[in-house]
Amino acid sequence: MSSEVPPPTIRLMDATDLRRGFLVALGSLKPTELTDEQALDVFRRRMRSRLKTYVALMDDRVAGTASLFIEPKFIHSGGIVGHIEDVAVHTAYQHHGIGGALVGHLLTVCRDAGCYKVILDCDEHVIPFYEKLGFHRWEHALRIDL
Ligand SMILES: CC(C)(COP(=O)(O)OP(=O)(O)OC[C@H]1O[C@@H](n2cnc3c(N)ncnc32)[C@H](O)[C@@H]1OP(=O)(O)O)[C@@H](O)C(=O)NCCC(=O)NCCS
């Protein structure tokens, strides 16, 4: 964390964060191309599916976001796995420890929930960011486009 930049406030997203620059912050990962109304509909669907969206706030603006899905498994004796998705920090706020703080917060949530592991997919170039946070390479990611 840079010494000049205070730590962000990290909390679960609420609908008002759409007015605090949420989509712009997320856009550093990929532009969303949603209207505010469409984004609100997506937010509500995510709430219903128990997908947790977190925001990192700086001066009451959304500086970053990350999402978490907690999966109880049939295997591993009903063990719980955390899946991290869509980690993004607004370009103006990058390299000030916000991404690391967000992922660290999600790891704490996962520990408190009793997860035995936390997994995520990412591009090759971001692997060093996650390795600094304690992640290691594991298995392979695959996809099919439908
Ligand atoms: C990747 C990302 C989330 C990092 O957020 P950030 O707030 O800039 O990261 P931090 O300041 O917390 O960096 C933590 C450490 O990782 C390093 N790091 C940050 N981004 C990195 C990158 N792209 N590649 C390699 N290392 C990186 C930093 O140097 C820092 O290490 P240090 O403290 O020893 O210098 C941010 O750059 C981003 O939003 N990128 C675009 C979207 C994206 O690729 N998201 C990942 C999806 S899986």
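**Strand pairing, ligand shell and overall fold**

His-83 stands opposite Ile-119 in strand 5. This is a predicted model, in which local features need pLDDT of at least 70 and side-chain atom pairs count only at pLDDT 80 or more, while totals for chains, interfaces and linings use all residues. Residues are numbered from 1 along each chain as its sequence is written.

**Strands 4 and 5**
- Strand 4 (residues 80-89) and strand 5 (residues 115-119) run parallel and are joined by four bridges; strands pair if DSSP finds at least two bridges between them.
- With helix 4 (residues 98-113), these strands form a right-handed β-α-β unit (clockwise from the first strand over the helix to the second, with the strands pointing away from the viewer).

**Ligand shell**
- The ligand is surrounded by 18 residues, the closest being Gln-94, Gly-99, Gly-100, Cys-122 and Phe-129 (C-beta atom, placed from the backbone, within 6 Å).
- At least two shell residues come from each of strand 4, helix 4 and helix 5 (127-132).

**Overall fold**
- The protein has five helices and five strands, taken as DSSP runs numbered from the N terminus (helices H or I, at least four residues; strands E, at least two).
- Their order along the sequence is β-α-α-β-β-α-β-α-β-α.
- The radius of gyration is 16 Å, close to the 15 Å from the globule rule for 146 residues, so the protein is as compact as a globular protein of that length (C-alpha atoms; the rule is 2.2 Å times the number of residues to the power 0.38).
- The C-alpha trace spans about 45 × 40 × 30 Å along its principal axes.
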